[in-house]
Amino acid sequence: MTITASPAWAALDAHRQACADTHLRDLFGRDPQRAESLSLSFDGIFYDFSKQRLTAETLGLLLELARQAKVAEQTERMFAGERINSSEDRSVLHVALRRSAGPFPSSSFDVMPEVAATRQKMTDFATRLRDGKCTGHQGMPIRDVVNIGIGGSDLGPKMMGQALRAISHPTLGVHYVSNLDGAQLAPLLQTLDPRTTLFIVVSKTFTTQETMFNAKTARDWLRANLGDDLVSENHFAAVSSKPERAVDFGVASDRVFPIWDWVGGRYSLWSAVGLALMIAIGPHAFNEMLRGAERMDEHFRTTPLERNLPVIMALVGIWNTNFLGAQTNAVLPYNESLKYLPSFLQQLEMESNGKSVSFGGQALDYATAPIVWGELGNNGQHAFFQLLHQGGRLVHCDFLAAVRSDYPLPAHQEALLANCFAQSAALAFGRNEGEVRAGMAQEGVAPQAIAELLPHRVFAGNQPSSTLLLTSLDPATLGSLIALYEHKVFVQGIIWGINSFDQWGVELGKAMASRVLPALYDQKLASSLDASTQRLLSFSRKHLK
């Protein structure tokens, strides 16, 4: 039985029809305690979902949906190390990466010794490098670190590195390269000294096309600049589940850091994939980030559903996507340091839950992950917010802000927060005809002009949003925040009945690219490809020459 056939789903659908015409203005007018009752807080995070188009009754029905989907039971299966990634026959144990003590997930299947050993190896390496004791060419200390990866091997560390740049090492440069387009790597190389540059190649299989192209280009650059004196092992480290391939590439065996098949790429920030991040912010701050995530793990695992922050966030998303019909979710951070968060969440949510078949392979008759998009909120106000206010589309918005600035300037933070709060209020409540008419009359606008301008200055409102406030952008709070989103995605996957931990669509693209690339060099190989691709290859061959 699919979730749409459950009594809880039917009850929610009936409830949606009954409250379809209710405006957020009415909901706040009827319930003076609404803002208090529809908010939660945990460990430096305050979640206000009172501007969502739901009531206490809606929430109760959504919680029943979670119970019927067996969210609590499935959560225990994940924490117990069961192979819940069924299509790849793997456990899902990224939570082990931030665990601080004890065997996990069980004494008979304990991954913690290798997790702890890897964490210590990372700490030793990062400390040496930060202290100037990790040397490159002819004993010169490393001054720049370049992380070469893509997807989860890039987005998580890059996002968190930007978020925590205020506490980064003052003289070490840490850079991220992911794109095959030479326009990313080439200009960066022009700014670096090959004698003092270290590249960290991050690829689980050490065959990822984009990563290996960039890594080989980096190696060629070192050879071209350092010649016969190059000691390749001084300029490379690697993160891989295939250490022998990294060694064959030229990485010293003691600089290869492991990653395991029970860690999905988009959940790997906490592992050795975060080595560049640890180098940037230091082992202590990295461990604080892990502790924040661990506290969120315990909250998620042990807190009743009705007070469980990841569960409530997930259910709000289910309500918007499956019952209100929102096709997109805008992520709007009001902190420059969080500018990569929308990109990170795009992968986390859409790669995890962008599925149209169930665990058992049956086609679904309902929507799963919405399209996640976003931009820095203050910039967005002068761009796409016009559509949010008056475009007539339902867009579920997540506003995020830190109360305390990581780069304080007089009065800046207060103005930033005021904009964040004002936009969520304007989206929720809008401005009706009476308010617009009265405002223009007070301004002295002539009656005829009022009549002409009125349609343009009315705002329907009733646009649902949540606001996540952080006390500050410190490692522990940010660790909690990312773990919160991870568990939210997991809960939604359970309710939708899908595997949130595979990504066969990504694998298809990789396989196709491996067929198309040789055909750029050999026209005969293109004959097995579709007519459109053959034409594109033909045009490209002509102009590549």
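The buried residues of helix α7 are covered by elements that include β4 (173-177), α11 (275-281), α12 (283-302), α14 and α20, where contact means heavy atoms within 4.5 Å. Helices (H or I, at least four residues) and strands (E, at least two) are DSSP runs, numbered from the N terminus. The model is predicted, so that local features need pLDDT of at least 70 and side-chain atom pairs count only at pLDDT 80 or more, whereas totals for chains, interfaces and linings use all residues. Residues are numbered from 1 along each chain as its sequence is written, and side-chain values use heavy atoms, with hydrogens and water left out.

Of the 9 residues of α7, 9 are buried, that is, under 20% relative accessible area, against over 50% for exposed and in between for partly exposed (1.4 Å probe, protein chains only). The buried residues of α7 are L155, G156, P157, K158, M159, M160, G161, Q162 and A163. S153 lies in the loop between β3 (144-148) and α7 (155-163). S153 counts as buried because its relative accessibility is 13%. Apart from residues up to four places away in sequence, S153 touches N147, V202 and V273.

An open sheet is formed by 6 strands in the order β1-β2-β11-β10-β8-β9, with mixed pairing; two strands pair if DSSP finds at least two bridges between them. The edges of the sheet are β1 (39-42) and β9 (371-374), each of which pairs on one side only. On average, neighbouring strands of this sheet are turned by 15° against each other, direction ignored. Axes are lines fitted to C-alpha atoms, for helices over the stretch in contact, and angles run from 0 to 180 degrees between N-to-C directions. Helix α13 (residues 309-323) packs on the sheet and touches β1, β2 (45-48), β10 (396-402) and β11 (465-470), its direction making about 30° with that of β2. Helix α20 (residues 475-496) also packs on the sheet, in contact with β2, β8, β10 and β11, and its direction makes about 150° with that of β11.

Strands of a sheet pair through backbone hydrogen bonds, either parallel or antiparallel. Strand β8 (residues 328-333) runs parallel to β9, to which 4 bridges join it, and A330 has W373 of β9 as its bridge partner. Strand β8 is also parallel to β10, with 5 bridges between them; here L332 is partnered by F399 of β10. The pairing of β10 with β11 is parallel as well and extends over 6 bridges. Within this pair, A402 stands opposite L470 of β11, and the bridge partner of C397 in β11 is S465. By contrast, β2 and β11 pair in the antiparallel sense over 4 bridges, with F46 bridged to L469 of β11.

Strand β10 is mostly covered, 7 of its 7 residues being buried. Strand β11 is largely enclosed by the rest of the structure, because 6 of its 6 residues are buried. On β11, S465, T467 and L469 are buried on one side, and S466, L468 and L470 on the other.

A nonpolar core is taken as a set of buried Ala, Val, Leu, Ile, Met, Phe, Trp, Tyr and Cys residues joined through side-chain atoms within 4.5 Å. The largest such core has 112 residues, and I200 and I495 have the most contacts inside it. Helix α20 supplies the largest share of this core, 12 residues. Leaving aside neighbours within four places in sequence, the contacts of I200 include V145, V146, N147, I148, A237 and V239. A second, separate core of 23 residues includes V146, L185, W221 and L222.

Grid points are joined across faces, edges and corners, and a volume is the space filled by probe spheres set on the points. The structure holds 5 cavities of 30 Å³ or more, and the largest cavity has a volume of about 70 Å³. Helix α6 (residues 112-130) gives the most to the lining of the largest cavity, with 4 residues. The largest pocket contains about 1000 Å³ of space and is lined by 43 residues, of which T208, Q503, V506, E507 and K510 lie nearest its centre. Helix α21 contributes the largest share of this lining, 7 residues.

Definitions and conventions:
1 Å grid on protein atoms, 1.4 Å probe; cavity = no way out; pocket = protein on both sides within 12 Å on 5 of 7 lines; lining within 4 Å.
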